[in-house]
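Biologist: Before we discuss this protein, please show me the sequence and the structure.

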Amino acid sequence: AVAEVKLRDDQYTLDHMRAFGMYNYLHLDSWSQDNVYYVDQSGRVMNLSVTLDTSLQKPREVFRLPADLTACDNRLCASIYFPSSTWVTLSDGTGRLYLIKTGKRGDSASEKWEIVFNEELGSPFIVAHSVSFVKSGTHSVAVLLLRVEKDELDTKGSGFHVTLEWVTIAEMSKEGDHQYEICRKRVLQGKSVPHYAAIEPSGDGLMILSYKPFKSIQQEEEKLVENDDAKTANEKKDPLYYWQQTEDDVTITIHIPQDITKDDIKVHFSPENIRVTLKDQPPLMEGKLHSSVDHESCTWIIKENKSLEISLIKKNEGLRWPELIIGDTNGELIMDTEMSECLMHLTSEEMNPNPEKENPPCNAQELEECDAFLEDSATLCRFDGDTLQVTHVINLGSNQYLFSAVVDPREMPCFCLRHDVDALLWQPHPDQPENMWEHIATFNALGYVQASKQDKKFMACAPDYSYSALCECLRRVFIYRQPAPLSTVLYNRKEGRQVGQVAKQLVATLEANDPILGFQATNERLFVLTAKTLFLIKVNTGN
(Lines give C-alpha, C1' and ligand atoms only; values in the text may rest on other atoms or scores of the structure.)
Protein backbone atom coordinates (compact mmCIF):
# COMPACT_ATOMS: atom_id res chain seq x y z
CA ALA A 1 0.00 0.00 0.00
CA VAL A 2 0.95 3.66 -0.31
CA ALA A 3 3.31 4.86 2.47
CA GLU A 4 0.88 7.30 4.05
CA VAL A 5 2.25 9.06 7.16
CA LYS A 6 -0.49 10.21 9.52
CA LEU A 7 -0.07 13.46 11.48
CA ARG A 8 1.26 12.98 15.02
CA ASP A 9 -0.25 14.55 18.15
CA ASP A 10 2.42 17.28 18.14
CA GLN A 11 1.57 18.22 14.50
CA TYR A 12 -1.66 19.99 15.37
CA THR A 13 -1.53 23.31 13.51
CA LEU A 14 -3.19 24.33 10.23
CA ASP A 15 0.31 24.56 8.72
CA HIS A 16 1.03 20.90 9.56
CA MET A 17 -2.28 19.93 7.96
CA ARG A 18 -1.57 21.97 4.83
CA ALA A 19 2.01 20.81 4.35
CA PHE A 20 1.76 17.16 5.37
CA GLY A 21 -1.88 16.20 6.05
CA MET A 22 -3.00 17.37 2.58
CA TYR A 23 0.13 16.05 0.83
CA ASN A 24 -0.35 14.69 -2.70
CA TYR A 25 1.16 11.18 -2.60
CA LEU A 26 0.85 10.68 -6.37
CA HIS A 27 3.66 12.17 -8.46
CA LEU A 28 3.11 12.83 -12.16
CA ASP A 29 6.19 12.91 -14.37
CA SER A 30 5.46 16.10 -16.36
CA TRP A 31 8.25 15.16 -18.80
CA SER A 32 6.53 11.85 -19.63
CA GLN A 33 2.85 12.24 -18.79
CA ASP A 34 1.84 8.61 -19.11
CA ASN A 35 3.89 7.86 -15.97
CA VAL A 36 2.95 8.32 -12.33
CA TYR A 37 4.93 7.33 -9.24
CA TYR A 38 4.24 6.68 -5.57
CA VAL A 39 6.26 5.37 -2.61
CA ASP A 40 4.95 2.20 -0.95
CA GLN A 41 5.21 1.03 2.66
CA SER A 42 8.35 -0.98 1.90
CA GLY A 43 10.17 2.19 0.83
CA ARG A 44 9.98 1.31 -2.86
CA VAL A 45 9.37 3.97 -5.53
CA MET A 46 6.75 2.37 -7.76
CA ASN A 47 6.01 3.42 -11.34
CA LEU A 48 2.65 2.96 -13.06
CA SER A 49 2.58 3.53 -16.78
CA VAL A 50 -0.40 3.90 -19.13
CA THR A 51 -0.04 1.79 -22.25
CA LEU A 52 -3.07 1.26 -24.48
CA ASP A 53 -5.12 4.35 -23.77
CA THR A 54 -6.61 3.33 -20.43
CA SER A 55 -4.84 0.12 -19.53
CA LEU A 56 -2.17 0.30 -16.83
CA GLN A 57 0.91 -1.81 -16.61
CA LYS A 58 1.55 -3.57 -13.30
CA PRO A 59 3.30 -1.40 -10.67
CA ARG A 60 7.04 -1.56 -11.36
CA GLU A 61 9.75 -0.94 -8.76
CA VAL A 62 12.24 1.64 -10.08
CA PHE A 63 14.08 2.44 -6.85
CA ARG A 64 14.28 1.32 -3.23
CA LEU A 65 15.15 3.69 -0.41
CA PRO A 66 18.22 2.29 1.37
CA ALA A 67 17.24 3.35 4.91
CA ASP A 68 14.61 1.72 7.13
CA LEU A 69 12.00 4.49 7.31
CA THR A 70 10.02 3.06 10.21
CA ALA A 71 13.02 3.47 12.54
CA CYS A 72 12.60 7.28 12.45
CA ASP A 73 9.99 8.46 14.98
CA ASN A 74 9.45 11.96 13.58
CA ARG A 75 9.50 11.08 9.89
CA LEU A 76 7.35 12.79 7.28
CA CYS A 77 5.98 11.38 4.03
CA ALA A 78 8.54 10.61 1.32
CA SER A 79 8.46 13.24 -1.46
CA ILE A 80 9.55 13.29 -5.10
CA TYR A 81 10.07 16.03 -7.70
CA PHE A 82 11.16 15.67 -11.34
CA PRO A 83 13.42 18.64 -12.28
CA SER A 84 14.18 17.22 -15.77
CA SER A 85 13.52 14.22 -18.00
CA THR A 86 16.58 12.40 -16.59
CA TRP A 87 16.93 13.67 -12.98
CA VAL A 88 14.91 13.13 -9.79
CA THR A 89 15.10 14.74 -6.35
CA LEU A 90 13.80 12.55 -3.55
CA SER A 91 13.38 12.89 0.22
CA ASP A 92 12.82 9.81 2.35
CA GLY A 93 11.00 11.87 5.01
CA THR A 94 13.71 11.39 7.66
CA GLY A 95 15.87 14.38 6.67
CA ARG A 96 17.94 12.78 3.90
CA LEU A 97 17.99 14.17 0.36
CA TYR A 98 18.77 12.04 -2.70
CA LEU A 99 19.73 13.28 -6.15
CA ILE A 100 19.14 10.50 -8.66
CA LYS A 101 20.06 10.13 -12.30
CA THR A 102 17.34 8.08 -13.99
CA GLY A 103 18.13 7.86 -17.68
CA LYS A 104 15.16 8.49 -19.98
CA ARG A 105 12.10 7.72 -17.88
CA GLY A 106 9.11 5.82 -19.23
CA ASP A 107 11.40 3.62 -21.31
CA SER A 108 12.19 0.51 -19.24
CA ALA A 109 15.21 -0.24 -21.44
CA SER A 110 17.03 3.03 -20.65
CA GLU A 111 15.49 3.86 -17.25
CA LYS A 112 17.88 3.07 -14.41
CA TRP A 113 17.79 5.04 -11.16
CA GLU A 114 21.27 5.68 -9.74
CA ILE A 115 22.09 7.78 -6.65
CA VAL A 116 24.69 10.45 -7.47
CA PHE A 117 24.28 12.41 -4.21
CA ASN A 118 22.71 11.74 -0.84
CA GLU A 119 23.17 13.61 2.41
CA GLU A 120 21.56 14.06 5.82
CA LEU A 121 20.31 17.67 5.97
CA GLY A 122 18.98 17.98 9.50
CA SER A 123 15.37 17.69 10.60
CA PRO A 124 12.81 15.99 8.29
CA PHE A 125 11.50 17.95 5.30
CA ILE A 126 9.53 17.53 2.10
CA VAL A 127 10.79 18.52 -1.37
CA ALA A 128 8.60 21.43 -2.47
CA HIS A 129 10.23 22.04 -5.87
CA SER A 130 13.46 21.50 -7.83
CA VAL A 131 15.05 22.62 -11.10
CA SER A 132 17.97 21.37 -13.19
CA PHE A 133 20.12 23.84 -15.12
CA VAL A 134 23.57 24.30 -16.67
CA LYS A 135 25.57 27.48 -16.02
CA SER A 136 29.08 28.14 -17.38
CA GLY A 137 29.32 24.48 -18.38
CA THR A 138 28.47 23.21 -14.86
CA HIS A 139 25.33 21.17 -14.22
CA SER A 140 23.42 22.08 -11.04
CA VAL A 141 20.19 21.04 -9.38
CA ALA A 142 18.48 23.50 -7.03
CA VAL A 143 16.04 22.04 -4.49
CA LEU A 144 13.52 23.73 -2.20
CA LEU A 145 13.02 21.94 1.13
CA LEU A 146 10.02 22.73 3.34
CA ARG A 147 9.92 22.26 7.13
CA VAL A 148 7.47 23.23 9.88
CA GLU A 149 9.62 23.73 12.99
CA LYS A 150 9.04 24.52 16.66
CA ASP A 151 9.60 28.21 17.43
CA GLU A 152 10.58 28.73 21.08
CA LEU A 153 10.33 32.54 20.71
CA ASP A 154 6.74 32.43 19.45
CA THR A 155 4.68 32.56 22.64
CA LYS A 156 1.55 34.23 21.22
CA GLY A 157 1.11 32.43 17.87
CA SER A 158 1.01 28.73 16.95
CA GLY A 159 4.47 28.06 18.42
CA PHE A 160 5.82 27.00 15.00
CA HIS A 161 7.47 28.64 12.00
CA VAL A 162 7.95 27.49 8.41
CA THR A 163 11.38 27.35 6.78
CA LEU A 164 12.21 27.04 3.09
CA GLU A 165 15.78 25.87 2.57
CA TRP A 166 17.10 26.49 -0.94
CA VAL A 167 19.93 24.00 -1.60
CA THR A 168 22.03 24.03 -4.79
CA ILE A 169 23.91 20.84 -5.66
CA ALA A 170 26.54 21.19 -8.40
CA GLU A 171 28.82 18.86 -10.32
CA MET A 172 32.39 19.22 -9.01
CA SER A 173 35.47 17.85 -10.69
CA LYS A 174 37.99 16.45 -8.19
CA GLU A 175 41.17 14.81 -9.50
CA GLY A 176 39.40 13.88 -12.71
CA ASP A 177 36.48 12.39 -10.78
CA HIS A 178 33.02 14.00 -11.21
CA GLN A 179 31.01 14.27 -8.00
CA TYR A 180 27.93 16.20 -6.94
CA GLU A 181 28.23 18.36 -3.84
CA ILE A 182 26.25 21.10 -2.11
CA CYS A 183 27.70 24.43 -3.23
CA ARG A 184 25.17 26.79 -1.62
CA LYS A 185 22.45 26.88 1.04
CA ARG A 186 19.99 29.70 1.69
CA VAL A 187 17.18 29.77 4.25
CA LEU A 188 13.94 31.76 4.29
CA GLN A 189 11.55 31.80 7.20
CA GLY A 190 7.87 32.68 7.50
CA LYS A 191 4.79 32.09 9.65
CA SER A 192 2.60 30.21 7.17
CA VAL A 193 3.05 27.31 4.74
CA PRO A 194 3.36 28.85 1.27
CA HIS A 195 0.53 28.13 -1.16
CA TYR A 196 3.13 28.14 -3.94
CA ALA A 197 6.94 28.15 -3.86
CA ALA A 198 9.10 27.55 -6.95
CA ILE A 199 12.67 28.20 -8.10
CA GLU A 200 13.13 29.87 -11.48
CA PRO A 201 14.38 27.55 -14.28
CA SER A 202 17.71 29.42 -14.40
CA GLY A 203 18.18 29.13 -10.63
CA ASP A 204 18.43 32.95 -10.39
CA GLY A 205 15.36 33.61 -8.28
CA LEU A 206 12.52 32.23 -6.22
CA MET A 207 8.78 32.99 -6.19
CA ILE A 208 6.63 32.51 -3.10
CA LEU A 209 2.87 32.99 -2.79
CA SER A 210 1.94 32.99 0.89
CA TYR A 211 -0.46 34.39 3.47
CA LYS A 212 2.38 35.66 5.69
CA PRO A 213 5.70 37.05 4.41
CA PHE A 214 8.99 35.17 4.16
CA LYS A 215 12.37 36.69 5.07
CA SER A 216 15.95 35.58 4.68
CA ILE A 217 17.40 34.29 7.97
CA GLN A 218 20.83 35.74 7.15
CA GLN A 219 19.35 39.20 6.56
CA GLU A 220 17.40 39.02 9.80
CA GLU A 221 20.56 38.19 11.77
CA GLU A 222 22.51 40.99 10.06
CA LYS A 223 19.66 43.39 10.76
CA LEU A 224 19.63 42.46 14.46
CA VAL A 225 23.36 43.14 14.74
CA GLU A 226 22.98 46.48 12.93
CA ASN A 227 20.05 47.46 15.15
CA ASP A 228 21.99 46.63 18.32
CA ASP A 229 24.90 48.80 17.13
CA ALA A 230 22.56 51.65 16.24
CA LYS A 231 20.76 51.47 19.59
CA THR A 232 23.97 51.73 21.59
CA ALA A 233 25.08 54.73 19.51
CA ASN A 234 21.81 56.63 19.91
CA GLU A 235 18.19 55.91 20.80
CA LYS A 236 15.84 55.29 17.90
CA LYS A 237 14.82 58.56 16.27
CA ASP A 238 11.57 59.26 14.39
CA PRO A 239 12.00 58.91 10.61
CA LEU A 240 12.82 62.15 8.77
CA TYR A 241 10.58 61.05 5.92
CA TYR A 242 8.12 58.31 4.92
CA TRP A 243 7.92 56.77 1.47
CA GLN A 244 5.75 54.31 -0.44
CA GLN A 245 5.80 52.90 -3.95
CA THR A 246 3.71 51.43 -6.74
CA GLU A 247 4.95 49.73 -9.91
CA ASP A 248 5.30 53.14 -11.59
CA ASP A 249 6.20 55.72 -8.97
CA VAL A 250 7.54 56.55 -5.50
CA THR A 251 5.88 59.05 -3.13
CA ILE A 252 7.91 60.69 -0.34
CA THR A 253 6.29 62.61 2.54
CA ILE A 254 8.35 64.97 4.74
CA HIS A 255 6.92 66.92 7.71
CA ILE A 256 8.14 70.53 7.61
CA PRO A 257 8.06 73.30 10.25
CA GLN A 258 5.07 75.68 10.27
CA ASP A 259 7.12 78.76 9.30
CA ILE A 260 8.55 77.21 6.08
CA THR A 261 7.13 78.64 2.83
CA LYS A 262 7.34 77.44 -0.74
CA ASP A 263 10.29 79.78 -1.43
CA ASP A 264 12.32 78.20 1.40
CA ILE A 265 12.21 74.73 -0.21
CA LYS A 266 14.69 73.59 -2.83
CA VAL A 267 14.28 70.14 -4.42
CA HIS A 268 16.85 69.06 -6.97
CA PHE A 269 16.10 66.04 -9.21
CA SER A 270 18.56 64.23 -11.47
CA PRO A 271 18.19 60.78 -13.13
CA GLU A 272 20.11 59.04 -10.30
CA ASN A 273 20.06 61.50 -7.34
CA ILE A 274 17.82 63.68 -5.18
CA ARG A 275 18.54 66.58 -2.82
CA VAL A 276 16.04 68.40 -0.56
CA THR A 277 17.02 71.53 1.45
CA LEU A 278 14.98 73.89 3.66
CA LYS A 279 16.16 77.54 3.84
CA ASP A 280 19.94 77.61 4.27
CA GLN A 281 20.12 74.46 6.41
CA PRO A 282 22.18 71.36 5.49
CA PRO A 283 20.27 69.02 3.08
CA LEU A 284 17.31 67.26 4.70
CA MET A 285 17.79 64.29 2.37
CA GLU A 286 20.47 63.75 -0.24
CA GLY A 287 22.01 60.85 -2.10
CA LYS A 288 21.92 58.28 -4.90
CA LEU A 289 18.52 56.73 -5.55
CA HIS A 290 18.12 52.93 -5.61
CA SER A 291 17.21 53.08 -9.32
CA SER A 292 16.96 55.75 -11.98
CA VAL A 293 13.94 58.09 -12.36
CA ASP A 294 12.46 60.22 -15.11
CA HIS A 295 13.70 63.43 -13.44
CA GLU A 296 11.85 65.76 -15.80
CA SER A 297 8.49 64.27 -14.73
CA CYS A 298 9.22 64.35 -10.98
CA THR A 299 7.20 66.91 -8.97
CA TRP A 300 6.70 68.26 -5.44
CA ILE A 301 3.89 70.09 -3.60
CA ILE A 302 3.17 71.40 -0.10
CA LYS A 303 0.09 69.70 1.39
CA GLU A 304 -2.44 71.40 3.68
CA ASN A 305 -1.13 69.57 6.76
CA LYS A 306 2.28 71.22 6.35
CA SER A 307 3.98 68.27 4.72
CA LEU A 308 6.10 68.22 1.61
CA GLU A 309 5.04 65.52 -0.90
CA ILE A 310 7.55 64.50 -3.59
CA SER A 311 6.60 62.24 -6.54
CA LEU A 312 9.32 60.30 -8.38
CA ILE A 313 8.51 58.50 -11.66
CA LYS A 314 10.40 55.18 -11.98
CA LYS A 315 12.39 54.60 -15.18
CA ASN A 316 12.14 50.81 -14.72
CA GLU A 317 8.44 50.15 -14.17
CA GLY A 318 7.59 47.13 -12.00
CA LEU A 319 10.94 47.10 -10.19
CA ARG A 320 10.46 47.13 -6.43
CA TRP A 321 12.89 49.35 -4.53
CA PRO A 322 14.12 47.83 -1.25
CA GLU A 323 15.44 51.29 -0.23
CA LEU A 324 14.92 54.85 -1.43
CA ILE A 325 18.40 56.38 -1.09
CA ILE A 326 21.27 53.89 -1.04
CA GLY A 327 22.61 53.54 2.51
CA ASP A 328 20.18 56.10 4.02
CA THR A 329 18.39 54.91 7.18
CA ASN A 330 16.52 58.15 7.97
CA GLY A 331 13.33 57.15 6.17
CA GLU A 332 10.61 54.54 6.66
CA LEU A 333 8.89 52.52 3.94
CA ILE A 334 5.09 52.26 4.18
CA MET A 335 3.95 49.05 2.47
CA ASP A 336 1.35 49.65 -0.23
CA THR A 337 -1.49 47.15 -0.01
CA GLU A 338 -3.23 48.04 -3.25
CA MET A 339 -1.07 46.22 -5.78
CA SER A 340 -3.66 43.84 -7.16
CA GLU A 341 -4.92 46.21 -9.86
CA CYS A 342 -3.18 44.16 -12.53
CA LEU A 343 -5.85 41.48 -11.97
CA MET A 344 -8.79 43.85 -12.29
CA HIS A 345 -9.38 43.99 -16.03
CA LEU A 346 -9.36 40.28 -16.70
CA THR A 347 -12.92 39.28 -15.91
CA SER A 348 -14.89 42.51 -16.08
CA GLU A 349 -14.41 46.04 -17.31
CA GLU A 350 -15.59 47.58 -14.04
CA MET A 351 -15.91 46.38 -10.47
CA ASN A 352 -19.72 46.35 -10.51
CA PRO A 353 -20.75 49.89 -9.51
CA ASN A 354 -24.39 49.04 -10.29
CA PRO A 355 -25.50 45.61 -8.98
CA GLU A 356 -29.01 46.12 -10.39
CA LYS A 357 -27.90 46.18 -14.03
CA GLU A 358 -28.24 43.12 -16.28
CA ASN A 359 -25.46 40.52 -16.01
CA PRO A 360 -23.43 42.09 -13.20
CA PRO A 361 -19.90 40.62 -13.09
CA CYS A 362 -20.27 39.66 -9.43
CA ASN A 363 -22.48 40.96 -6.66
CA ALA A 364 -20.87 40.62 -3.24
CA GLN A 365 -24.34 40.28 -1.67
CA GLU A 366 -24.89 37.07 -3.61
CA LEU A 367 -21.77 35.42 -2.19
CA GLU A 368 -22.59 32.68 0.28
CA GLU A 369 -21.02 31.60 3.54
CA CYS A 370 -18.89 29.04 1.71
CA ASP A 371 -17.29 31.87 -0.28
CA ALA A 372 -15.55 33.24 2.81
CA PHE A 373 -12.03 31.95 3.19
CA LEU A 374 -9.76 32.04 6.20
CA GLU A 375 -7.13 34.44 5.01
CA ASP A 376 -7.67 38.10 4.28
CA SER A 377 -5.09 38.29 1.57
CA ALA A 378 -1.98 36.61 0.23
CA THR A 379 1.17 38.11 -1.27
CA LEU A 380 3.20 37.00 -4.27
CA CYS A 381 6.91 37.81 -3.91
CA ARG A 382 9.95 37.28 -6.11
CA PHE A 383 13.29 36.91 -4.31
CA ASP A 384 16.64 37.53 -5.99
CA GLY A 385 18.83 34.40 -5.82
CA ASP A 386 22.05 36.20 -4.86
CA THR A 387 20.87 38.72 -2.27
CA LEU A 388 17.56 37.07 -1.22
CA GLN A 389 16.12 40.60 -1.42
CA VAL A 390 12.51 40.95 -2.60
CA THR A 391 12.47 42.41 -6.13
CA HIS A 392 8.71 42.24 -6.85
CA VAL A 393 5.65 42.19 -4.58
CA ILE A 394 2.01 41.81 -5.58
CA ASN A 395 -0.70 41.91 -2.95
CA LEU A 396 -3.40 39.55 -4.20
CA GLY A 397 -6.14 41.10 -2.07
CA SER A 398 -9.19 38.87 -2.22
CA ASN A 399 -7.89 36.86 -5.18
CA GLN A 400 -7.81 33.53 -3.36
CA TYR A 401 -5.18 30.94 -4.33
CA LEU A 402 -6.80 27.73 -5.65
CA PHE A 403 -4.11 25.38 -7.00
CA SER A 404 -0.91 25.13 -9.02
CA ALA A 405 -0.29 23.13 -12.20
CA VAL A 406 2.60 22.33 -14.53
CA VAL A 407 1.64 23.36 -18.07
CA ASP A 408 5.17 23.17 -19.52
CA PRO A 409 7.81 21.36 -17.40
CA ARG A 410 10.55 23.67 -18.79
CA GLU A 411 8.74 26.67 -17.28
CA MET A 412 7.80 27.41 -13.68
CA PRO A 413 4.57 25.84 -12.39
CA CYS A 414 1.46 27.98 -13.02
CA PHE A 415 -0.83 29.08 -10.21
CA CYS A 416 -4.58 29.54 -10.33
CA LEU A 417 -6.32 32.40 -8.50
CA ARG A 418 -9.97 33.09 -7.92
CA HIS A 419 -11.20 36.35 -9.45
CA ASP A 420 -14.84 37.13 -8.76
CA VAL A 421 -16.64 33.92 -9.81
CA ASP A 422 -13.96 32.74 -12.23
CA ALA A 423 -10.55 31.11 -11.81
CA LEU A 424 -7.57 32.53 -13.72
CA LEU A 425 -4.42 30.58 -14.50
CA TRP A 426 -1.13 32.54 -14.39
CA GLN A 427 2.21 31.51 -15.93
CA PRO A 428 5.32 33.12 -14.36
CA HIS A 429 7.97 34.36 -16.84
CA PRO A 430 10.98 35.37 -14.72
CA ASP A 431 12.99 36.20 -17.86
CA GLN A 432 10.38 38.81 -18.94
CA PRO A 433 10.35 41.61 -16.32
CA GLU A 434 7.68 43.51 -18.30
CA ASN A 435 5.35 40.51 -18.39
CA MET A 436 6.43 38.48 -15.37
CA TRP A 437 3.01 36.89 -14.77
CA GLU A 438 0.98 36.08 -17.87
CA HIS A 439 -2.73 35.24 -17.76
CA ILE A 440 -2.94 32.09 -19.92
CA ALA A 441 -6.37 30.57 -19.23
CA THR A 442 -9.73 31.21 -17.57
CA PHE A 443 -11.96 28.55 -16.01
CA ASN A 444 -15.41 30.11 -16.05
CA ALA A 445 -17.32 30.04 -12.72
CA LEU A 446 -14.76 27.63 -11.16
CA GLY A 447 -14.02 30.12 -8.39
CA TYR A 448 -17.65 30.09 -7.34
CA VAL A 449 -18.29 26.37 -7.87
CA GLN A 450 -15.26 25.18 -5.88
CA ALA A 451 -16.25 27.40 -2.93
CA SER A 452 -19.31 25.24 -2.30
CA LYS A 453 -17.29 22.01 -2.16
CA GLN A 454 -16.61 21.91 1.57
CA ASP A 455 -14.89 18.50 1.40
CA LYS A 456 -12.52 19.29 -1.47
CA LYS A 457 -8.98 17.98 -1.06
CA PHE A 458 -7.12 18.48 -4.36
CA MET A 459 -7.64 20.62 -7.47
CA ALA A 460 -5.93 20.33 -10.87
CA CYS A 461 -6.31 21.20 -14.54
CA ALA A 462 -5.22 19.75 -17.86
CA PRO A 463 -1.97 21.24 -19.24
CA ASP A 464 -3.94 22.23 -22.38
CA TYR A 465 -6.62 23.91 -20.14
CA SER A 466 -9.37 21.71 -21.68
CA TYR A 467 -10.81 20.96 -18.23
CA SER A 468 -10.32 21.57 -14.52
CA ALA A 469 -11.07 19.04 -11.82
CA LEU A 470 -11.34 18.67 -8.07
CA CYS A 471 -11.72 15.71 -5.77
CA GLU A 472 -13.21 15.40 -2.31
CA CYS A 473 -11.58 13.52 0.57
CA LEU A 474 -13.64 10.45 -0.27
CA ARG A 475 -14.91 8.97 -3.56
CA ARG A 476 -16.21 11.91 -5.57
CA VAL A 477 -14.37 13.64 -8.44
CA PHE A 478 -15.81 16.67 -10.25
CA ILE A 479 -14.68 17.51 -13.79
CA TYR A 480 -15.45 20.88 -15.39
CA ARG A 481 -14.97 21.04 -19.15
CA GLN A 482 -14.33 24.27 -21.01
CA PRO A 483 -17.28 25.54 -23.13
CA ALA A 484 -17.60 23.59 -26.40
CA PRO A 485 -19.74 24.24 -29.53
CA LEU A 486 -23.07 22.40 -29.68
CA SER A 487 -23.98 19.99 -32.45
CA THR A 488 -27.69 20.86 -32.09
CA VAL A 489 -29.54 24.18 -31.78
CA LEU A 490 -30.30 25.24 -28.22
CA TYR A 491 -32.32 28.29 -27.14
CA ASN A 492 -32.34 30.15 -23.86
CA ARG A 493 -36.12 30.61 -23.50
CA LYS A 494 -35.85 33.29 -20.83
CA GLU A 495 -33.71 35.57 -22.99
CA GLY A 496 -34.88 34.27 -26.37
CA ARG A 497 -31.36 33.82 -27.73
CA GLN A 498 -29.55 30.91 -29.29
CA VAL A 499 -26.84 29.28 -27.17
CA GLY A 500 -23.73 28.45 -29.15
CA GLN A 501 -21.59 26.82 -26.47
CA VAL A 502 -22.17 24.78 -23.34
CA ALA A 503 -19.69 23.85 -20.60
CA LYS A 504 -20.30 20.40 -19.13
CA GLN A 505 -19.77 19.22 -15.57
CA LEU A 506 -19.10 15.54 -14.95
CA VAL A 507 -19.11 13.70 -11.63
CA ALA A 508 -17.27 10.42 -11.08
CA THR A 509 -17.87 8.30 -7.99
CA LEU A 510 -15.05 5.90 -7.14
CA GLU A 511 -15.77 2.40 -5.91
CA ALA A 512 -13.53 2.80 -2.88
CA ASN A 513 -13.96 3.50 0.82
CA ASP A 514 -10.38 4.62 1.41
CA PRO A 515 -9.55 8.34 1.46
CA ILE A 516 -8.09 9.87 -1.70
CA LEU A 517 -4.33 10.37 -1.22
CA GLY A 518 -3.22 11.59 -4.66
CA PHE A 519 -4.67 13.40 -7.65
CA GLN A 520 -3.06 14.32 -11.01
CA ALA A 521 -4.41 15.59 -14.34
CA THR A 522 -3.08 15.19 -17.89
CA ASN A 523 -4.69 16.31 -21.17
CA GLU A 524 -6.42 12.95 -21.61
CA ARG A 525 -7.00 11.52 -18.15
CA LEU A 526 -7.15 11.92 -14.40
CA PHE A 527 -5.18 9.72 -12.00
CA VAL A 528 -6.75 9.26 -8.55
CA LEU A 529 -4.84 7.38 -5.82
CA THR A 530 -6.17 5.79 -2.64
CA ALA A 531 -4.10 3.72 -0.19
CA LYS A 532 -4.51 0.54 -2.24
CA THR A 533 -5.95 1.51 -5.64
CA LEU A 534 -5.08 3.77 -8.56
CA PHE A 535 -8.08 4.89 -10.62
CA LEU A 536 -7.85 6.20 -14.18
CA ILE A 537 -10.61 8.48 -15.42
CA LYS A 538 -10.69 9.05 -19.17
CA VAL A 539 -11.64 12.68 -19.80
CA ASN A 540 -10.57 13.46 -23.38
CA THR A 541 -9.86 11.18 -26.33
CA GLY A 542 -6.30 11.28 -27.61
CA ASN A 543 -5.66 12.91 -31.00
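Predicted model: local features only at pLDDT ≥ 70, side-chain atom pairs only at ≥ 80, totals over all residues.

Biologist: Which residue in E7 stands opposite Thr89?

Modeller: Strand E6 comprises residues 87-91 and strand E7 residues 96-101, and five bridges pair them in the antiparallel sense. Within E7, the residue opposite Thr89 is Leu99.

Biologist: How many residues apart in sequence are Glu120 and Arg96, the partners of a salt bridge?

Modeller: The closest N and O atoms of Glu120 and Arg96 are 3.5 Å apart, which falls within the 4 Å cut-off for a salt bridge. Glu120 belongs to strand E8 and Arg96 to strand E7, so the pair ties together parts whose separation in sequence is 24 residues.

Biologist: To which accessibility class does Glu120 belong, and to which does Arg96?

Modeller: Buried means under 20% relative accessible area and exposed means over 50%. Glu120 has 41% relative accessibility, so it counts as partly exposed. Arg96 has a relative accessible area of 23%, and it is therefore also partly exposed.

Biologist: Which residue forms a salt bridge with Lys279?

Modeller: Lys279 is in the loop between strand E19 (273-278) and strand E20 (285-288). Its partner is in the loop between strand E17 (249-255) and strand E18 (265-269), 20 residues apart from Lys279. The closest N and O atoms are 3.9 Å apart, and the partner is Asp259.

Biologist: Is Asp259 buried or exposed?

Modeller: The cut-off for an exposed residue is over 50% relative accessible area. Lys279, at 40%, counts as partly exposed. Asp259 has 52% relative accessibility, so it counts as exposed.

Biologist: In the salt bridge of Arg410 and Asp408, which residue is buried?

Modeller: The side chains of Arg410 and Asp408 meet at 3.1 Å, N to O. Arg410 has a relative accessible area of 61% and is therefore exposed.

Biologist: What is the bridge partner of Ile274 in E20?

Modeller: An open antiparallel sheet has the order E18-E19-E20. E18 and E20 are its edge strands, each with a single partner strand, so one side of each is left without a neighbour. E19 and E20 run antiparallel and are joined by four bridges. In E20, the partner of Ile274 is Gly287.

Biologist: Which residues make the nonpolar surface patch of about 240 Å²?

Modeller: A patch residue needs over 30% relative accessible area. Leu14, in helix H1 (residues 14-21), has 45% and is partly exposed. The residues that make this patch are Leu14, Met17 and Met22.

Definitions and conventions:
Residues numbered from 1 in each chain as written. Heavy atoms only, no water. Pairing = 2+ DSSP bridges. Helix = DSSP H or I, 4+ residues; strand = E, 2+ residues; numbered from the N terminus. Buried < 20%, exposed > 50% of the residue type's maximum accessible area, 1.4 Å probe, protein only. Patch = residues over 30% accessible without salt bridge, like charges linked within 9 Å, V, L, I, M, F, W, Y side chains within 5 Å. Areas by Shrake-Rupley, 256 points an atom, 1.4 Å probe, with all protein chains shown as cover.
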